[in-house]
Amino acid sequence: MSISSIVGAPAPTILLPSDTRAQFPELFTHGGPDVWVYRYTDVSTGWRLSIATCATPQSGKLSLGGFRIVPEERTSSPGFDSDREATGLTIGMDEKVYWSRLMRIGGPLARSDSSRIVGGKCVLHPTEDARVGQPRDKALLDFATACLNDAERRGGFHITTGQDLGHGVMSDGHTASLTYLHERFPGSVVADTSKPTGEGNFFALAGMMRGMDIALDRSTVGLIGCGNIGLHVFGRLREFGANIIAVESNEQRRNFVASLGVQVVAPEKKDEFLREPMDALVLNAAGGSLDAKSIAAVCANGAIRVVCGSENLLMPDETAGSDALRKAKKAYAPTELGGMMGYLTAVEQYLAMAEGVAFDIQALFDAASQLEEPCAQAARHARESDFAMSFADAMRTVCGRRTGP
């Protein structure tokens with residue numbers, strides 16, 4: 001039986017798993033979960049919202065993933081397609097769910113109900129006059145919330161979205177875009193997921209460096225991306241006395257980092273940056289930081305021993321890229337592992353609201369600290385095998401030996 005659309009939401013085009021595999025075969029080269037896409041297009045404006053999920057229709061699953069208003073640097077890239085972006089990000093989100101289950105990390109509510117959680121992502125392609133802070137931002141978000149409500153009712157699953165790219169203060173000068181969404185769609189949560197994600201980044205890095213016998217206070221760490229997450233990692237590294245160098249695309253943030261006495265360059269100088277002597281590379285930019293040329297540069301840099309972060313869509317081919325890093329004897333943590341704390345923060349707040357209990361963000365900071373020890377053990381295990389085993393496979397081995405809940 002067909003379901004009529006929510007008022008304000010156009011009828012969607014629905015891509016089944018067979019469609020996403022056929023249309024984006026490069027995303028499924030090495031397998032992957034089933035992904036459905038609900039695509040909504042406003043014909044009068046050209047706005048397009050792609051809601052991707054691993055939730056089987058009518059399953060009642062929680063579909064976890066941020067609400068991304070795609071920045072111009074990605075929408076203007078050759079071949080950009082919101083369905084493809086949402087599908088790729090959903091596959092990555094489902095991997096985050098996998099790593100959190102394997103490592104038994106999360107807030108108390110998520111850990112007690114993890115079987116309901118699957119990956120998902122909402123990707124909104126706006127016009128320039130409707131981005132957050134521009135004159136038509138309210139109309140854009142009204143379109144989006146109508147579509148979110150429609151997809152949830154039509155698909156029979158629960159969409160839970162959190163902070164992602166493209167959000168900020170709206171054109172009225174005071175309303176936060178996430179707050180505006182939350183007031184019209186309860187599944188849009190408002191917790192600042194960047195801080196727990198940054199903590200997860202830091203503890204994964206600290207553990208990996210310990211496993212590689214690198215002293216944090218005598219190390220040099222390269223950061224690609226100094227947004228909310230990157231700056232959190234930056235602050236934690238400074239606490240421990242690490243030397244930092246950085247790449248940042250935003251001129252204002254670049255100037256801020258430089259004012260702190262840190263060597264920072266624009267992305268145009270990334271090739272030179274990757275030749276710098278550094279012990280670790282932490283990636284938190286908007287996507288695509290490790291293209292084939294950059295992977296080759298990292299592999300050729302003998303000083304780099306650790307590669308981690310939480311950047312989405314980091315490489316064009318994750319399997320080939322991670323294997324190249326392994327052969328170069330780099331401990332590479334999949335960025336879905338490093339980025340799990342963001343989704344765990346969103347789901348914890350969502351479940352707290354659903355159960356009528358207080359949301360405790362401190363529980364997520366405590367959970368993030370639990371990344372350090374398994375990351376140290378996995379890095380040590382991979383190193384002792386002379387990287388016959390990747391860091392990811394070493395993590396599977398380490399977690400398989402763990403006992404307890």
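Visitor: Which residue in E13 does Val-306 stand opposite?

Guide: Welcome! Keep in mind that this is a predicted model. Strand E12 covers residues 306-309, and E12 pairs with strand E13, residues 331-332, in the parallel sense over two bridges. In E13, the residue opposite Val-306 is Ala-331.

Visitor: Which residues of E12 point the other way from Val-306 and Cys-308?

Guide: Val-306 and Cys-308 share one direction from the strand. All of these E12 residues are buried, on either side. Those that point the other way are Val-307 and Gly-309.

Visitor: What is the bridge partner of Leu-283 in E12?

Guide: Here we look at strand E11, residues 280-283, which pairs with E12 over four bridges. The two strands pair in the parallel sense. For Leu-283, the partner in E12 is Gly-309.

Visitor: Which helix makes a β-α-β unit with E12 and E13?

Guide: This unit is right-handed. Its helix covers residues 318-327. The helix between the strands' names in that unit is H12.

Visitor: Which strands stand at the edges of the open sheet of six strands?

Guide: The order of this open sheet is E10-E9-E8-E11-E12-E13, with parallel pairing. An edge strand has a single partner strand, so one side of it is left without a neighbour in the sheet. The strands at the edges are E10 and E13.

Visitor: Which residue in E10 does Val-247 stand opposite?

Guide: Strand E9, residues 243-247, is joined to E10 by three bridges. These two strands run parallel. In E10, the residue opposite Val-247 is Val-265.

Visitor: How many of the nine residues of strand E6 are buried?

Guide: E6 runs over residues 117-125 and is mostly covered. Being buried calls for a relative accessible area under 20%. The number of E6 residues that are buried is eight.

Visitor: Does E3 pair with E6 in the parallel or the antiparallel sense?

Guide: Strands of a sheet pair through backbone hydrogen bonds, in one of two senses. Strand E3, residues 48-53, has six bridges with E6, and one of the pairs is Thr-53 with Gly-120. The sense of E3 with E6 is antiparallel.

Visitor: What is the bridge partner of Ile-69 in E6?

Guide: Strand E4, residues 62-64, pairs with E6 in the parallel sense over three bridges, and Leu-64 has Gly-119 as its bridge partner there. Strand E5, residues 67-69, also runs parallel to E6 and is joined to E6 by three bridges. For Ile-69, the partner in E6 is Leu-124.

Visitor: Is Ala-86 buried or exposed?

Guide: Ala-86 is found in helix H3, residues 82-103. Leaving aside neighbours within four places in sequence, Ala-86 is in contact with Ser-50, Ala-52, Lys-121 and Val-123. Its relative accessible area is 0%, so Ala-86 is buried.

Visitor: At roughly what angle do the axes of H3 and H14 cross?

Guide: Helix H14 covers residues 340-355, and the two axes come within 9 Å. Among the H3 residues that meet H14 are Met-93 and Trp-99, while Met-340, Tyr-343 and Leu-344 take part from H14. The residues of this contact divide into seven nonpolar, one polar and one charged. The helices are roughly perpendicular to each other, because an angle of 65 to 115 degrees counts as such, and theirs is roughly 85 degrees.

Visitor: What is the relative accessible area of Asp-213?

Guide: Most residues other than glycine have a negative phi. Asp-213 has a positive phi of about 60 degrees although it is not a glycine, and its place is the loop between helix H7 and strand E8. Asp-213 is exposed, with a relative accessible area of 62%.

Visitor: In which loop is the place of Leu-313?

Guide: Leu-313 also has a positive phi, of about 50 degrees, although it is not a glycine. With a relative accessible area of 25%, Leu-313 is partly exposed. Its place is in the loop between E12 and H12.

Note on methods
Residues numbered from 1 in each chain as written. Predicted model: local features only at pLDDT ≥ 70, side-chain atom pairs only at ≥ 80, totals over all residues. Heavy atoms only, no water. Buried < 20%, exposed > 50% of the residue type's maximum accessible area, 1.4 Å probe, protein only. Contact = heavy atoms within 4.5 Å. Axes fitted to C-alpha atoms, helices over the stretch in contact; angles between N-to-C directions. Parallel < 35°, antiparallel > 145°, perpendicular 65-115°, else oblique. Nonpolar A, V, L, I, M, F, W, Y, C, P; charged D, E, K, R; others polar. Pairing = 2+ DSSP bridges. Right-handed = clockwise from strand over helix to strand, strands pointing away.
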